[in-house]
Amino acid sequence: MSSLLVDNIGELVTNAGAGDGPLGIRRNAAVLVEDGLVAWVGPNRYPPPADRRIDAEGAAVLPGFVDSHAHLVFAGDRAAEFAARMAGEPYTGGGIRTTVGATRAATDDELRATVRRLHGEALRQGTTTVEIKSGYGLTVPDETRSLRLAAEVSEETTFLGAHLVPAEYADRPDDYVGLVCGPMLAAAAPHARWIDVFCERGAFDADHTRAILTCGQAAGLGARLHANQLGQGPGVQLGVELGAASVDHCTHLTDADVDALAGAGGATVATLLPGAEFSTRSPYPDARRLLDAGVTVALATDCNPGSSYTSSMPFCIALAVREMRMSPTEAVWAATAGGAAALRRTDVGQLTPGARADLMILDAPSHLHLAYRPGVPLIRQVLHNGVPQCR
Ligand code: NIG
Ligand code: FE
């Protein structure tokens, strides 16, 4: 059994009860890692012996970010679409079809290279758990291979065959829903942990969403959904009703939506994706309204080539603080423990004995600097399963 001590930690974010405040902060702390797990957390004065040591030099140490919403399996990009939006074009989601065409035409190795590049990019920015969706294949073989490739780098894989009705089914969406619930789900389910639907005007309505999530749950997948991104709609309340782990975007909410989320008591997390509002020049979700109502909030990147081509959780934290009136502390919690809640995980998003030794050492004395110093590469070192990653 090999052990590693990270010591001289000026500010340790544990996200656990014993420390101060909502982040469970301990000062002048040390963490012992054994076999990829946190074995001990305590004062720096009395560190246990270890085979190896990393000196944090007084810096802040946080749990690795849990990015609970990303679309990393795709080919091509949509930079021109982005430029057009910045010149005033609206975002409709219709560009998904452009990426579907490119993804279907790509080889496995091309898709694998993109998944690995983005996964590596995220890891260097402190993300140690990332959920990865399919959704740019929209055929049985293309959705299946997307999930197979996602599963090569993450255990959090999500079947999003219901991302959009593909062009060849445009005049018979019910048939496409039948395909998703039938042969596509059967082929995808062995490679997926979750099922997701883009519940939005122009994508899937309430009846389709209910049908798809229900058959996914019957096949053993957990439910999550894209809801209320482009306008108000049934998604959020449907997600709560069906026991979804998370409803994502939550940009356009009625009071009844907020009440439903508050009533879920944390069982359904509201995952906010400010990279999407940034990149579509849209109004940001009202995080303050959700937090004040007692809703559990997560932050994630939504990394995808259309609405949010960023893998950076620090960027999302900065946006959440500046544009969504979250405090820096709330944003860091949402990007770590919140993401873990959205994935129903208790082994990540916190640094307590028994948790995975997924952590980052900042080039800064406090978690506050993540929002305070936007755009600055503050992640000095990342440990994933206790293993230091390449810088
Ligand atoms: O979460 N809204 C649906 N899906 C993605 C966008 C995908 C795309 O535009 O390619 C999202 O924003
Ligand atoms: Fe998304």
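Predicted model: local features only at pLDDT ≥ 70, side-chain atom pairs only at ≥ 80, totals over all residues.
**View 1. N385 sits in a loop between two strands.** The strands are β16 (379–384) and β17 (387–388). N385 has 14 other C-beta atoms within 10 Å, so it is partly exposed. Its phi is near 50°, a positive value in a residue other than glycine. Most residues other than glycine have a negative phi.

**View 2. D35 lies in the loop between β2 and β3.** Strand β2 covers residues 25–34, and β3 covers 37–43. D35 is not a glycine, yet its phi is positive, about 50°. Is D35 buried or exposed? D35 counts as exposed, because it has 11 C-beta neighbours inside 10 Å.

**View 3. Helix α2 spans residues 96–105.** Its buried residues are I96, T99, V100 and T103. Seen down the axis of α2, they fall within an arc of 105°, so they line one face of the helix. An α-helix has 3.6 residues a turn, so residues three or four places apart point the same way. What covers the buried residues of α2? The cover includes α3 (108–124) and α4 (140–151).

**View 4. Ligand 1 is surrounded by 13 residues.** The closest are I96, F198, N304, G306 and S307. I96 is also one of the buried residues of α2. The shell around ligand 1 divides into 4 nonpolar, 8 polar and 1 charged residues.

**View 5. Helix α11 runs over residues 313–323.** Of its 11 residues, 8 are buried, so the helix is largely enclosed by the rest of the structure. Which residues of α11 are buried? They are M313, P314, C316, I317, A318, L319, A320 and V321. R325 follows α11, and its phi is positive, near 55°.

**View 6. Residues 61–367 carry a UniProt feature.** The unreviewed entry names it "domain: Amidohydrolase-related". The end C-alpha atoms of this span lie 8 Å apart. The span is 43% helix and 15% strand.

View 7. Of its 391 residues, 56% count as buried. A compact globule with 391 residues would have a radius of gyration near 21 Å; the protein has 20 Å, which agrees. Among contacts between residues at least 6 apart in sequence, 71% join residues at least 24 apart.

Terms used
Residues numbered from 1 in each chain as written. Chains lettered and ligands numbered in written order. Near = placed C-beta within 6 Å. Nonpolar A, V, L, I, M, F, W, Y, C, P; charged D, E, K, R; others polar. Buried ≥ 20, exposed ≤ 12 C-beta atoms within 10 Å, placed from the backbone. Helix = DSSP H or I, 4+ residues; strand = E, 2+ residues; numbered from the N terminus. Arc of directions from axis to C-beta. Contact = placed C-beta atoms within 7 Å. UniProt positions renumbered as here; feature names shortened; annotations may be inferred. Rg over C-alpha atoms; globule rule 2.2 N^0.38 Å.
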